[in-house]
Amino acid sequence: KLRRVCSNSLVNNRRPREILSCLYGYARCLGLPSTNTYETARERGCVTADTADGGVNGGAMASSWQRAFRIHSAEGTTGAVEDMDGMPCVFKPDSYLEGEIADIRLSEIEVVLNDGNNTVAPLYGATLFPAIELSESNTLLLLGDFGFPEFASVKSVQIKEAVYVGEGLNYTDQGIYMNYATWYTEEDFMKLNGISPDILANVPVILQNQMTQRAAPTCRSVFGEGSTSHVIQIVGSGGMTITYDGSREMPYAFSNDLHKDMFQLKIGDGDGTVLTSDQYLGLADFGDGENYIDLCLNLSAGVVAKITEHGLKVRLFSTRACNFIVPPKGDCQNDLVGADCGDSATYPHEICVSKIPDGKATCVIGTDTYERFDMTEQELASQKCMKAPKLSSNNSDSDGDENGGDTDDSVGGAGGETDDSVGGAGDGNENGGETDDNVGGAGAVAVRRRLATAALAWVWTCFFFYF
């Protein structure tokens with residue numbers, strides 16, 4: 001039986017459709033029954049964490065995940081999604097009209113395993129959750145059994161006539177990367193604030209208030225009325241959480257205190273002008289479990305004119321030498337992740353900002369359009385690390401991939417193959433353990449307890465799926 005999450009689209013547009021990315025996300029960990037123990041979570045390869053008293057967080061995480069992956073039927077009954085894999089697919093903007101992605105049926109989706117026999121993987125559901133804002137709704141999360149650990153990768157994903165065979169389909173050795181970044185005036189962006197009415201119309205009334213109450217912060221709510229002139233919306237290949245080498249806790253959500261400077265905005269190419277701290281205010285739309293994050297800007301007309309002339313790039317400083325982004329499954333090189341999934345860290349890369357009105361610089365939105373770069377010592381020193389940074393210019397004490405210096409074309413992972421991510425950081429009240437106020441060694445920046453709000457990989461109380 002198939003129930004659509006959103007209302008029917010008004011048109012059936014035949015324009016070329018394109019999938020920018022599909023990442024084989026969390027395997028066997030979506031919907032752990034509440035009776036499962038830490039040992040079960042470890043056996044399945046789920047991310048875990050040490051608690052403050054030296055114990056291990058397993059049970060709270062399991063029960064929270066069960067609540068997060070409920071299937072709500074048309075009759076109002078519920079059933080738990082258990083033991084499933086997740087794979088978010090991001091569509092190229094404007095390749096679908098409003099409502100069309102929500103109208104996709106399970107029969108129009110095919111995931112082929114890389115098993116030598118072109119076996120079609122069992123697909124149990126698909127949902128726009130948790131990316132449900134009017135400015136989002138461009139990511140479809142697929143739920144099924146995609147082969148890991150028997151098979152490390154998926155061969156292809158087809159959704160309607162669009163086929164994806166690029167980076168992201170291997171479960172191992174892949175971090176998150178930026179798909180594209182879009183320019184908005186703050187006024188235009190706020191018109192897209194709030195949950196899509198099409199989605200709300202198909203959600204049980206009892207849950208509508210919960211959804212609106214859990215809405216992510218906007219630039220306006222974080223920095224105040226009239227503070228922001230423009231918003232850059234970044235769309236990642238999957239949900240993003242933050243960690244550091246040797247962490248004993250669940251990955252964190254973004255924080256303006258610690259992670260604002262992981263993003264840098266630069267006008268033009270080469271030695272272009274970098275936006276200052278009073279021009280780039282900080283982050284919004286974080287901690288809500290999806291693959292979108294907003295950069296809040298306060299720009300004069302003169303700066304906007306320069307950007308129009310020369311273009312704008314977003315640079316991401318994610319490195320194992322300091323703080324780095326991981327998918328919800330965590331840092332696969334940390335012993336608290338039970339799966340053998342290689343290197344899931346994201347490394348430094350940049351992407352151009354699209355849709356700047358009258359912009360003269362070319363910005364192409366396509367598959368794998370990000371560009372890798374090596375961080376300088378000065379850039380590394382500018383970061384507020386959750387542990388003491390490694391300042392070796394040659395990174396001789398690293399695995400050879402520090403600061404984006406890997407030898408392949410991927411920003412994530414040692415092998416640069418593919419991977420992950422079905423969501424971002426979630427509700428820290430479920431993690432079963434507080435954060436230590438002084439993680440890291442000498443020179444480390446104190447990590448506040450409020451950062452524990454990112455303790456789980458999923459924030460929404462309930463998701464709704466096709467079934």
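This report walks through the fold of one predicted protein chain, from its overall make-up down to single residues.

Because the model is predicted, local features are taken at pLDDT of at least 70 and side-chain atom pairs at pLDDT 80 or more, while totals for chains, interfaces and linings use all residues. Residues are numbered from 1 along the chain as its sequence is written, and side-chain values use heavy atoms, with hydrogens and water left out.

## The chain as a whole

The protein chain has 9 helices and 21 strands. Both are DSSP runs numbered from the N terminus: helices are H or I with at least four residues, and strands are E with at least two. Out of 467 residues, 60% count as buried. Here buried means under 20% relative accessible area, exposed means over 50%, and partly exposed is in between, using a 1.4 Å probe and protein chains only.

The accessible surface comes to about 17,600 Å², and carbon and sulfur atoms own 47% of that. These areas come from the Shrake-Rupley method with a 1.4 Å probe, and for residues only the protein chains shown count as cover. As for contacts (heavy atoms within 4.5 Å), 78% of those with a separation of 6 or more link residues 24 or more positions apart.

## The core and V157

The largest nonpolar core has 81 residues, and M87, L140, L142, V157, I232, F263 and V314 touch the most other members. A nonpolar core is a set of buried Ala, Val, Leu, Ile, Met, Phe, Trp, Tyr and Cys residues joined through side-chain atoms within 4.5 Å. Strand β9 (residues 139–144) gives this core its largest share, 4 residues.

What does V157 touch, leaving aside residues up to four places away in sequence? The list is I19, C22, M87, C89, E110, V111, L142, A162, V163, Y164 and L169.

β7 and β10 (residues 154–159) are joined by 5 bridges, and L113 stands opposite V154 in β10. Two strands count as paired if DSSP finds at least two bridges between them.

Is β20 enclosed or open? In β20 (residues 349–354), 6 of the 6 residues are buried, so the strand is largely enclosed by the rest of the structure. Its pairings look like this:

| Partner of β20 | Sense | Bridges | Example pair |
|---|---|---|---|
| β12 | parallel | 2 bridges | A181 with V353 |
| β21 (residues 371–372) | antiparallel | 2 bridges | E350 with E371 |

V314 also turns up among the core residues that touch the most other members.

## Helix α8

Helix α8 (residues 301–310) has V303, I307 and T308 buried. Why do they sit on the same side of α8? They cover an arc of only 145° around the axis, which puts them there; the arc is that of the directions from the helix axis to the C-beta atoms. A301 and K306, on the other side, are exposed.

The buried residues of α8 pack against β12 (178–185), β15 (263–267) and β18 (312–316). Just after the helix, G311 takes a positive phi of about 85°.

## Backbone details in the loops

A few loop residues are worth a look on screen. The peptide bond from F148 to P149 is cis, with omega near 10°, and P149 lies in the loop between β9 and β10.

D94 isn't a glycine, yet has a positive phi of about 75°. D94 sits in the loop between β6 (85–91) and β7, and counts as partly exposed at 46% relative accessibility.

N118, also not a glycine, has a positive phi near 55°. This residue is in the loop between β7 and β8 (123–127) and is partly exposed, with a relative accessible area of 43%.
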